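Subject: Structure handover and findings

Dear colleague,

Please find the structure below, with its sequence.

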Amino acid sequence: MSTLTLLKVERIKLFSTRSPWWCMIVAVAITIGFTALLSAALRGDDLLFYRPAATQFAYNFGLLIMMVMAVLAVTTEYRFGTIRASFLAVPTRTSLLLAKTVVVALLAGVVGELAAIGCWLIARAIRPDSPLSLQTAADYRVVFGVGLVYLISAIIAVAVGLMIRHSAGAISALLAWSLVVENLIQIIPNVGEDIQKWLPFVVGNNFLYSGQSFFASGETGTLDDMPFGPWGSLIYFAVVALALLAIGLGLAKHRDA
Amino acid sequence: MIQARGLTKRYGRTLAVNDLSFDVQPGRVTGFLGPNGAGKSTTMRMILGLDRPTAGDVRIDGKRYADLKDPLRHVGALLDAKWVHPNRSARSHLRWLAVSNGLPEKRIDEVLELVGLTKEADRRAGGFSLGMSQRLGIAGALLGDPGVLLFDEPVNGLDPEGILWIRQFMHRLAAQGRTVFVSSHLLSEMALTAQDLVVIGRGRLIAQTSTTEFIEAASGSTVRVRGPELARLREVLVAGGLRVEDAPATENEPAALVVHGASTDTVGELAGRAGLILYELTAQRGSLEQAFLQMTGHDVEYRSAGLPDLPGTGVPGQSSGTAPGAAVGAGAAAVGWTKGESA
Ligand SMILES: Nc1ncnc2c1ncn2[C@@H]1O[C@H](COP(=O)(O)OP(=O)(O)OP(=O)(O)O)[C@@H](O)[C@H]1O
Ligand SMILES: [Mg+2]
């Protein structure tokens, strides 16, 4: 079975139910909506320092929704037994699941890109006088890079879905990790922040926000002394995602379906 | 043709399938019979490469399932009618299956027509009745026009009409020369559906044989015989080495004799040589389900009472009885189960 065939199969599967459409629409809408609120709420000096990086603040909202969608793309197949029907049709499990990962990740990437551009545009529409035009490479990266972060995050979500196989368990694990563990670990005295710098979503965020500052306070949106620069961070993030995917694929291949 | 050799599956401490070997021939419906929990579904999942055997090997036309190119063109399976996304339409479900194996999209309409789901094709599968789900499952199995078909308890939960439809469908598929392997825990159903049987209990092979032979062997052959001189008839038969019981008159039937372990031929011949007149000479079958329980070793009491009549009792175990038609009567005693003994 050719790669194109498998991609087509997974595309049909994904789009022949309604929930992915809802996830995509909600992800884009909520992210843009939040940015619109933020833009409207800014006052005083902050408006003078309202730069493109700050328009992407809300990318995490859409990201969480797309990660949930990516998890569900895997776990609902286990839930309804369609994974078995799939493995009967395509016994080479790894290639089929890779095709699924590609379709889901690309979709998440597109959604991330749409959300990011939408956020930037709406901010400009609401605050035409703020310095929101794209000037530096960092400005371009923080807007157009969001799709890449969505794409890689979706790979992680698929991997977690393959490992855990149950919707509730996989979603809880993923949200607990990305929302709780990666943020709260800094509470641990001495080593907390050193560990935090190496956690995947923190590093992925650094790809977008490295070297940025915005608002009057000079906020940066990332930690000081991160181990990698922006592109190094992206590579590290991608490597972690692919490693998790390799584990998920290995499990799916060796476990009983 | 399906060939299983030494197939074994262990889930933790449960030995679900234990050293199972059998062949399934093309052109016939082969029943896969065993009580609940005997390991039928597990075996089918191993045949289809979904579960990994702990030991042993199973091949379809000489190949492992995973090595089949476009497997839906070789093997069609319906293990569970619910393996469909409830929010996907029947057509979309068949569509991704067809695309995956390079089947033309017009084939989707053909199989929908074949199972009578044309009108429901665009409805979501989650709203289907069990019978409709089953039909959709069969449509999926037939999509690639495969030579080998597997069905796991296809009539479970269906109404009589649905059962009849599936039964006739299986017969048609086998008549077209396909290999049809269908599981059930009901011997009475298999007696009507299958020509051959692979019988298992607690994961082990009990018999591989034709259905008629299995039923004869399992239910024991009893002959009812009646004539004007019952007492003399009885003497003649006992002298001929047969075990004879009296069957006293009932409201419906006059008094007769019941002969165990003999055919009507033997009884008729003995009576004829003695010059005795016979009014009735009929072969009788025990209840199929009772026979089945007896063979699968569940009903211990019935077994100890009834087993001596079984031809071949005590033949050394046929646990690997792979020759078709060879293993009848290797029954429960030979395999050695008693209630409470763990496999
Ligand atoms: N995935 C699994 N994990 C653990 N045990 C299992 C699993 N699948 C089956 N078993 C056990 O293996 C044995 C055989 O089960 P199986 O479903 O194959 O039987 P069956 O013959 O299909 O029964 P039924 O007529 O009820 O469908 C049972 O004891 C069952 O509990
Ligand atoms: Mg079963």
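Contact here means heavy atoms within 4.5 Å. Helices (H or I, at least four residues) and strands (E, at least two) are DSSP runs, numbered from the N terminus. Two strands pair if DSSP finds at least two bridges between them. Axes are lines fitted to C-alpha atoms, for helices over the stretch in contact, and angles run from 0 to 180 degrees between N-to-C directions.

This is a predicted model, in which local features need pLDDT of at least 70 and side-chain atom pairs count only at pLDDT 80 or more, while totals for chains, interfaces and linings use all residues. Residues are numbered from 1 along each chain as its sequence is written, chains are lettered from A and ligands numbered from 1 in the order in which they are written, and side-chain values use heavy atoms, with hydrogens and water left out.

The six-stranded sheet of chain B

Chain B contains an open sheet of 6 strands in the order 5-6-7-3-8-9, with mixed pairing. Strand 5 (75-78) and strand 9 (204-210) of chain B are at the edges and have a single partner strand each, so one side of each is left without a neighbour in the sheet. On average, neighbouring strands of this sheet are turned by 15 degrees against each other, direction ignored.

Within this sheet, strand 3 (residues 29-33) and strand 7 (residues 179-184) of chain B pair in the parallel sense over 5 bridges. B:Leu33 is found opposite B:Ser184 in strand 7 of chain B. Helix 5 (residues 160-175) of chain B packs on the sheet and touches strand 3, strand 6 and strand 7 of chain B, its direction making about 150 degrees with that of strand 7 of chain B. Helix 1 (residues 40-47) of chain B lies across strand 3, strand 6 (148-152), strand 7 and strand 8 (196-201) of chain B, and runs at about 150 degrees to strand 7 of chain B.

The three-stranded sheet of chain B

An open sheet of 3 strands in chain B has the order 2-1-4 and antiparallel pairing. Its edge strands are strand 2 (14-24) and strand 4 (55-60) of chain B, each of which pairs on one side only. Strand 1 and strand 4 of chain B pair in the antiparallel sense over 5 bridges, and B:Arg5 has B:Asp57 as its bridge partner in strand 4 of chain B. Helix 1 of chain B packs on this sheet as well, touching strand 1, strand 2 and strand 4 of chain B.

The interface of chains A and B

In chain B, 29 residues are in contact with 26 residues of chain A. The two chains bury about 2400 Å² between them, 63% of it on carbon and sulfur atoms; buried area is the accessible area (1.4 Å probe) that two parts lose on being put together, summed over both. B:Leu50, B:Trp83 and B:Trp96 supply 29% of the area that chain B buries against chain A, more than any other three residues.

The count between chain B and chain A is 1 salt bridge (a side-chain nitrogen of Lys or Arg within 4 Å of a carboxyl oxygen of Asp or Glu). Strand 1 (2-11) and helix 2 (90-100) of chain B each supply at least two residues of the side of chain B that touches chain A. Helix 2 of chain B gives the largest share of that side, 6 residues.

Yours sincerely
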